[in-house]
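Thanks, everyone. Let me put the model up, and then we can go through it.

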Amino acid sequence: MEENFELSKLSHESLLNLYKTVDEYIAFLEKEEKEKSTEE
Amino acid sequence: MSDISLEIEKYISSNKEILSVLPVNTKKNRSKYVEKVSELRDAALKIRQVILTEIEERYDKIVDITENPNIARINKNIESIGNIDLFNELNTPYEKLEFDKIIHSLHCFFEGNFDLVNQNIKLFIDKFKDFGIELTEDDFTYSKFTNEYIKVFFEEIENFSSDRLKKTFEDIYWKCPDIVTHIELNLRYLYYINAKKIEKELNDRNDRVLSELKLNKNKFVQRFFDLNKELIEIERIDQKRLLDKFVNGEWKIKDFANKEMEVLYEKLYIGDYFASTPEKQEEINNNFVSLLHTLQEYNVYIKYKYIIDDLKKKYKNKDSFKDAYEKKNKELRKKEQELVKENEKHKRNIKRAKSLLFVFFRRKIKREIYAFPVLTNEKIKEINNLYIDLDEEMVNTRIAEFVDENCSIKYMFKIVTSFYTYNYNLIKEHYKDDPDVDVTEELQELLDFINQPYKVMLNNVKLAEEPNITSIISNRYQIMNIRLEKEDLEENLDTLIQDVEKIVNYYNIKKSNLDINDITFIEKVKPMLSKR
């Protein structure tokens with residue numbers, strides 16, 4: 001995914017929702033990483 | 001949903017799908033899985049950073065609005081007008097130039113400190129200098145102690161924390177605990193003998209101000225209030241000021257939601273505000289702005305009613321005030337002249353005591369020199385009491401001159417605030433059992449109120465109408481379809497002010513054209529950004 005995507009057209013609400021979505025995705029990935037690294 | 005939002009959602013779900021099909025049954029597979037997760041997380045962190053930067057930029061752009069430049073312009077105009085108190089018809093230059101404040105501060109020396117005494121003496125000397133009168137130690141001859149202290153004071157005028165000045169004060173204080181009173185009365189005497197010169201100079205200065213502005217006194221005062229009114233009008237709808245309330249958390253946008261406001265308008269307005277035309281809504285809101293000013297006036301009125309009551313008590317005896325000031329003044333000046341003569345005689349006695357010509361009278365002279373401090377101190381105490389009486393008589397004179405049944409309540413307040421000591425003592429007496437109350441702050445609040453431009457109600461309600469004040473207010477606003485009973489004013493004033501204030505704030509936000517979405521965004525983002 002390119003990082004220079006266009007955000008300026010998003011409404012404040014959509015921008016904040018997008019941030020929330022990505023933030024939750026990161027939390028999911030961190031949880032996965034932690035769980036799978038500790039599984040024997 | 002916008003393209004980019006969809007794109008990112010697709011990207012996330014496809015990544016999740018990729019992860020879901022990766023084998024995790026062996027340690028090696030799990031290691032590969034973790035490697036992939038880590039790679040995806042790094043990419044996601046970069047995406048999140050890009051979004052966050054956009055959020056920060058938007059936040060900064062919204063918050064970074066500047067105050068309406070007209071606010072600075074009007075403030076400058078108000079500053080250029082200067083001090084309208086210098087034109088107060090109730091005062092002499094003694095009050096106009098705040099000599100009364102200096103004297104009051106010295107009079108309450110026990111409440112202040114040594115440093116404050118020196119600052120006040122210097123302030124007095126500087127004010128005289130400003131009016132072309134250079135005071136020296138030779139002007140401080142009210143008592144020998146005054147002269148002793150002032151000599152050192154002038155030598156140490158640049159350094160009030162000097163040990164020498166402190167030691168001099170301490171040494172004199174034990175010989176004459178009334179030293180500050182002596183200085184205070186010496187200053188009052190200096191004002192008295194220079195009053196005409198100061199008055200002439202002040203009148204000339206005031207005339208120059210009016211001629212430069214091409215205004216007469218009334219128009220000059222009116223201009224001051226007009227400018228203040230203009231300032232308040234601009235400030236109340238200034239986007240920066242309103243937005244700051246949300247940024248600092250004082251206001252919450254949900255409190256101004258339409259549902260909340262519907263309840264409030266229904267509570268206070270007879271009619272459907274939201275179904276009204278924009279023009280009608282503007283009219284209704286302006287009525288609420290006017291009501292808020294009236295409620296704020298009424299609030300100040302009930303807080304300081306004890307002051308009006310005291311004035312009324314005095315007013316009842318106004319016939320007894322006739323000539324009282326002049327009589328007291330005559331008595332005081334006579335005593336002061338006696339003191340001046342005694343001081344001169346004392347000086348002569350000191351010279352004579354050293355002279356061979358008076359050798360046969362030396363014992364008598366020395367006895368007189370010995371007894372002099374006690375005798376003068378007694379006289380100074382009498383003079384001090386006369387000055388206290390004189391201050392009171394000055395207020396009484398003004399009451400006799402300016403108060404009658406047609407006098408407005410606002411003017412009654414103006415009379416009180418025009419006389420610092422009288423006002424201070426009234427407030428102090430009122431709160432004598434409440435040591436936490438700061439008398440100076442209370443006094444300033446009343447002064448600020450007198451100098452603010454919205455005093456429509458108190459400007460119009462006459463002393464004779466005072467008992468009906470709540471009915472006058474409620475009738476006035478019922479005509480405008482506002483639900484306002486006199487009981488609301490008497491029993492629920494705080495809630496009423498809060499409600500009306502909210503309607504006015506809602507109206508101001510609307511009028512300012514602030515974007516509600518921007519405010520909501522700021523409120524949501526602020527805690528997120530402050531965590532970083």
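This is a predicted model: local features need pLDDT of at least 70, side-chain atom pairs count only at pLDDT 80 or more; totals for chains, interfaces and linings use all residues.

Residues are numbered from 1 along each chain as its sequence is written, with chains lettered from A and ligands numbered from 1 in the order in which they are written.

Now the interface. Contact means C-beta atoms, placed from the backbone, within 7 Å. On that basis, 25 residues of chain A touch 31 residues of chain B.

Next, helix 23 of chain B, residues 493–512. Helices here are DSSP runs (H or I, at least four residues), numbered from the N terminus. Which of its residues are buried? Buried means 20 or more other C-beta atoms, placed from the backbone, within 10 Å of a residue's own; exposed means 12 or fewer, and partly exposed is in between. The list is Leu496(B), Asp499(B), Val500(B), Ile503(B), Tyr506(B), Tyr507(B) and Ile509(B). They pack against helices 11 (239–247), 12 (258–268), 13 (278–303) and 22 (486–491) of chain B. After helix 23 comes Asn513(B), with a positive phi near 65°.

Last, Arg367(B), in helix 16 (residues 362–402) of chain B. Why is Arg367(B) classed as exposed? Because 11 other C-beta atoms lie within 10 Å. Arg367(B) and Asn459(B) are 92 residues apart in sequence, and 63 Å apart C-alpha to C-alpha.

Definitions and conventions
Two residues are in contact if their C-beta atoms, placed from the backbone, lie within 7 Å. Helices (H or I, at least four residues) and strands (E, at least two) are DSSP runs, numbered from the N terminus. The expected span of a helix is 1.5 Å times one less than its number of residues.
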